[in-house]
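Open the model in your viewer and keep the sequence panel beside it. Each stop below says what to select and what is there.

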Amino acid sequence: MIIMPTLHCKPGMKLGRSVYSEQRQVLARRGFVLSEGIIRRFHEMGFPFLHVEEEGTEDITPEQAIRDETLIVLHSAIALVMEEASAPGRESLSFETVRFCHDAAAMLVNDLRSRKDPVCLPIHLTTMMQDGGRRQFAEHALNVAVCSTRTAIEAGLPGEELIALAMGAMLHDIGRLRTREGQEGPAALGEDDGAHAEAGYLLLRDSGFPLLAAHCALFHHERMDGSGYPFGVGGARIHEMVQWVGIVDAFDTLVHGRIDGRPMLPHEAVEVLYAGAGTLYDFDKIKRLRDRFALFPVGTVVRLNTGEIGVVSRLHEDNKQRPVVRVFSHADGSRVAKPFELDLKRHLHLMIGSLDGGKAPDPSPACGEAGLKTANVEQQPEKTAAGARREPVTVGPQWRRYWGKDWFQFV
């Protein structure tokens, strides 16, 4: 099985994982045979990636960070929060929504505790989301939640604090739905003055979320040297686990191209973070991100610097960023007579050049009758925020109202 961009899929391929509607109904089950019309229809419905069966990869099983059931519940919780947080005049979330988020976070914690596989990024939703911005928000929330929670488990964060951290990591950016800038499109690193961080904090605090969860929203853009925002604090004043939320948030932002519209390869994003290690970020945490997280998950289609196309078939425990790649296409796109494996740990001259295996075809032609019983959906263009990086805002004594007695139990 491989994880392939939807528009790179070919007629005759079979789905390796079921896909769902936004109402959590099964649209197509595992084993469903794709046609050209179905492929385009899935793309228009908001599925950028599909898990498909490919000849020569039958023995490859993509590693999932969490179970499909957990993924669906988390997505449901995020969608519910997005709906309520976007409602005009709403000052807090309902008790039922807060409880649902707690239960979803507890489910995530239990899932990650029972799984020993390395954390794999990114997480791709198998649920339809008609709005591209909502999908991007949800996938970003899931990536930050899964990685931050897994790290907190390994660090030994106890019980309810762990669930609070999971909720906060999942909803760290919820303030973007409360500010005009955030509603206009995804923001790049450092592109606002922290209004969304304060808005998210107030929403979570006033809704009854634990203080640690609210602090994930408030402090995820603060940096170790005090150059972050909204308050410019650093060092030990940033909770140990909230530092992780900030690091994973920055990493996922780089990988998805929210700074200048150019997505980075995972190892490129890690190098950018390494440039700030010891100043912006804790050095040991950046090193742990590089060594512990599987940045090229098993099943990912890649193009090597030689032009050959293959799929990540195996990871090394001691060097996850130099995986084994099973090559199934030559540089010109023709199939190899027999797939063969290249161990990037041994062949140091080989590099992963891209994650999608090539240029996607033009999605403009109409898909026609695709055979799916759903309404026609117009894919919303994803917006990329632009503008110069602003200097951190200097905030006066008013920030002290956020740090009462409860705050200092965390530092």
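## Stop 1: A152

Select A152: this residue is buried, with a relative accessible area of 0%. Buried means under 20% relative accessible area, exposed means over 50%, and partly exposed is in between (1.4 Å probe, protein chains only).

Before moving on, note that this is a predicted model: local features need pLDDT of at least 70, side-chain atom pairs count only at pLDDT 80 or more, and totals for chains, interfaces and linings use all residues. Residues are numbered from 1 along each chain as its sequence is written, and side-chain values use heavy atoms, with hydrogens and water left out.

Now colour helix α4, residues 132-154; A152 sits in it. Helices (H or I, at least four residues) and strands (E, at least two) are DSSP runs, numbered from the N terminus.

Which residues does A152 touch, not counting those up to four places away in sequence? Show L157, L162, L165 and M241. Contact here means heavy atoms within 4.5 Å. The C-alpha atoms of A152 and A166 are separated by 8.8 Å, and the two residues are 14 residues apart along the chain.

## Stop 2

Select residues 2-5, strand β1. I2 and M4 point one way, while I3 and P5 point the other way. All four of these residues are buried. In a regular strand the side chains alternate between the two faces of the sheet.

Next, select residues 49-53, strand β5. The strands β1 and β5 run antiparallel, joined by 4 bridges. Two strands pair if DSSP finds at least two bridges between them. Which residue in β5 is the bridge partner of M4? Click on L50.

## Stop 3: helix α1

Go to helix α1, residues 36-44. Why is α1 described as largely enclosed by the rest of the structure? Because 7 of its 9 residues are buried. Select them: G37, I38, I39, R40, R41, F42 and E44.

What covers these buried residues? The cover includes β2 (14-15), β3 (19-20), β4 and β5. Just after α1, find G46, which takes a positive phi of about 100 degrees.

## Stop 4: salt bridges

Side chains of opposite charge can pair when their charged atoms come close. A salt bridge is a side-chain nitrogen of Lys or Arg within 4 Å of a carboxyl oxygen of Asp or Glu. A search of the whole structure finds 18 salt bridges.

Start with R30 and E53, whose side chains meet at 3.9 Å, N to O. R30 lies in the loop between β4 (26-28) and α1, and E53 lies in strand β5, so the pair ties together parts that are 23 residues apart in sequence. R30 is exposed, at 56% relative accessibility. E53 is partly exposed, at 25%.

Next, select R326 and D59. Their side chains meet in a salt bridge of 2.7 Å, N to O. R326 is in strand β8 (residues 319-329) and D59 is in the loop between β5 and α2 (68-85), so this pair ties together parts that are 267 residues apart in sequence. D59 is exposed, at 55% relative accessibility.

Now show E341 and R314, another salt bridge at 3.9 Å, N to O. E341 is in strand β9 (residues 335-343) and R314 is in strand β7 (residues 309-316), 27 residues apart. E341 is partly exposed at 37%, and R314 is partly exposed at 43%.

Keep D59, R314, R326 and E341 on screen together: they are linked in a network of salt bridges.

## Stop 5: R176

Select R176, in the loop between α5 (159-170) and α6 (180-183). R176 is buried, with a relative accessible area of 9%.

## Stop 6: cysteines

Finish with C9 and C101. C9 is buried, with a relative accessible area of 7%. C101 is also buried, at 0%. How many disulfides does the model hold? With a disulfide defined as a pair of cysteine sulfur atoms within 2.5 Å, the count comes to 0.
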